[in-house]
Amino acid sequence: MLRTEGVHPDFFAGTSMGGLVGALAAACSDPDEMLAIARGFRFPGRFVPGRLLQWEKLFPSAATLLRGKNFEDFATPLAVSAVDLMSGEEIALHSGPVLPAVRATCAVPGVFTPERIGPYCLVDGGVTNMLPVDLAWACDPDVVIAVNIVASPSPTLQLDSRYGRLATTLGHFAPNPVTAHLAYEVAMRSVEIALDRQRAMAVAMTGPEILIDVELSHVAIADFHRIDAIVDAGRQATLRALPRLRDALATSMAANAQPAATTLQIDPVCRMTVSPKRSRATVERNGQTYFFCSLACRDTFVLHGDRYAAEPLIRAPILRPRSIT
């Protein structure tokens, strides 16, 4: 649909499943090819807590496409986000083999084995960054189009059911599969709540020019067989965003400014990458200029600046600056 509007992204950035989608978009020249690959995704019929899944068995068609490819092979640059379990730092993967990087960005803790790349032990990038708009800023774009998945289904916990009471009672005596399953559901529901809050905060702090909210609360994480409903939800969300997208592109073209190389900064409070021209606030302290993603981070720094390390505050762009054409 974006192609019919003449929109051809110059850069893809994603985390978790968004990282996989970004890799498919970078590797495929035809959206129909992407859809055919997505139809090959398979979720196990039954997931038992404590069992680790194999990424290639869930996404065999994507593994076949991406195996042997490097980031440098893509005509459209791609970066995906992951988190190093040891340091807690977000790691932007944008060079070398693609398949290990995609496995890393999708490595949901407790579901997939962490991916080791170089010195890092990496898990799902959504642990720290559910909407990596700041990763897209690394190419200093004119317009950022962010896709936000609104995907929290109604809670299915059975804490007060006969099953829930039985699982709780058994757990008081000895470890058992029934209690483990209930504990896993409680943990996953807690993660859903945390991720919903993180998405909302990411939107507020980064303020992408265009935000496409795709309503998928009617779809469960294992509903790979409902790909047509998922694609239709994305199409409807994009249609609603088109007027804002046209206005943003028109404003960008009217500015007629060539992108210049940008020295990216790091917000010392939340550690988000910040483009100086998109910074929401700055503070001068001891001869150093600090850039912030939001007024809240600035205010926190003003009150408690001594808590935050002064280095590193500068991050080089991961790619040559580009703009959406």
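**View 1. Asn176 caps the N-terminal end of helix α8, with a side-chain oxygen sitting 3.1 Å from the backbone nitrogen of Val178.** Keep in mind that this is a predicted model. Helix α8 takes in residues 177-206, and at 1.5 Å a residue its 30 residues should span 44 Å; the end C-alpha atoms are 42 Å apart, which agrees. Just past α8, Gly207 adopts a positive phi of about 50°. Which residues of α8 are buried? They are Leu182, Gln198, Arg199, Ala202, Met205 and Thr206. What do the buried residues of α8 pack against? Their partners are α6, β6 (145-150) and α7 (162-171).

**View 2. Met272 sits in the loop between β8 (264-266) and β9 (273-274).** Is Met272 buried or exposed? With a relative accessible area of 10%, Met272 is buried, because the cut-off for that label is under 20%. Skipping its neighbours within four places in sequence, Met272 is in contact with Asp134, Met205, Thr206, Gln265, Ile266, Asp267 and Cys293. Two of these names, Met205 and Thr206, also turn up among the buried residues of α8. Along the chain, Met272 and Val133 are 139 residues apart, yet in space their C-alpha atoms are 9.6 Å apart.

**View 3. Asp134, one of the residues that Met272 contacts, is found in helix α6 (residues 133-136).** Asp134 counts as buried, at 4% relative accessibility. What does the side chain of Asp134 make a polar contact with? The partner is the side chain of Asn129, at 2.9 Å. Leaving out neighbours within four places in sequence, the contacts of Asp134 are Glu90, Asn129, Met272 and Thr273.

**View 4. Ser294 is in the loop between β11 and α10.** Ser294 is buried, its relative accessible area being 8%. Once its neighbours within four places in sequence are set aside, Ser294 is in contact with Met205, Asp267 and Arg280. Met205 and Asp267 are also on the contact list of Met272.

**View 5. How many disulfides does a search of the whole structure find? The search comes back with zero.** Cys293 is in no disulfide, and the nearest cysteine sulfur, that of Cys270, is 3.6 Å away.

**View 6. Phe41 and Phe59 form an edge-to-face pair, one of seven aromatic pairs in the count.** Why edge-to-face? The ring centres are 4.9 Å apart and the planes stand at 90°, so the pair gets that label. Phe41 lies in the loop between α2 (31-38) and α3 (55-58), while Phe59 lies in the loop between α3 and α4 (60-66), so the pair ties together parts that are 18 residues apart in sequence.

**View 7. Tyr290 and Phe301 make a tilted pair.** Their ring centres are 4.6 Å apart and their planes sit at 40°, so the pair is called tilted. Tyr290 is in strand β11 (residues 288-292) and Phe301 in helix α10 (residues 295-304), so parts that are eleven residues apart in sequence get tied together. Tyr290 counts as buried at 9% relative accessibility, and so does Phe301 at 2%.

**View 8. The largest nonpolar core has 37 residues.** Which residues have the most contacts inside this core? They are Leu20, Phe41, Trp55, Phe59, Leu66 and Leu93. Two or more residues of the core come from each of α1 (17-27), α2, α3, α4, β2 (78-84), β3 (90-93) and α5 (98-105). Not counting residues up to four places away in sequence, Leu66 touches Leu20, Ala23, Ala27, Phe74, Val98, Leu99 and Val102. A second, separate core has 14 residues, including Val143, Ala237, Ala248 and Leu249.

How values were computed. Residues numbered from 1 in each chain as written. Predicted model: local features only at pLDDT ≥ 70, side-chain atom pairs only at ≥ 80, totals over all residues. Heavy atoms only, no water. Phe/Tyr/Trp six-rings, centres within 6.5 Å; stacked < 30°, edge-to-face > 60°. Helix = DSSP H or I, 4+ residues; strand = E, 2+ residues; numbered from the N terminus. Buried < 20%, exposed > 50% of the residue type's maximum accessible area, 1.4 Å probe, protein only. Disulfide = S-S within 2.5 Å. Contact = heavy atoms within 4.5 Å. Core = buried A, V, L, I, M, F, W, Y, C linked by side-chain atoms within 4.5 Å. Polar contact = N/O pair within 3.5 Å; in protein donor to acceptor, adjacent residues only side chain to side chain. Expected span 1.5 Å × (residues − 1).
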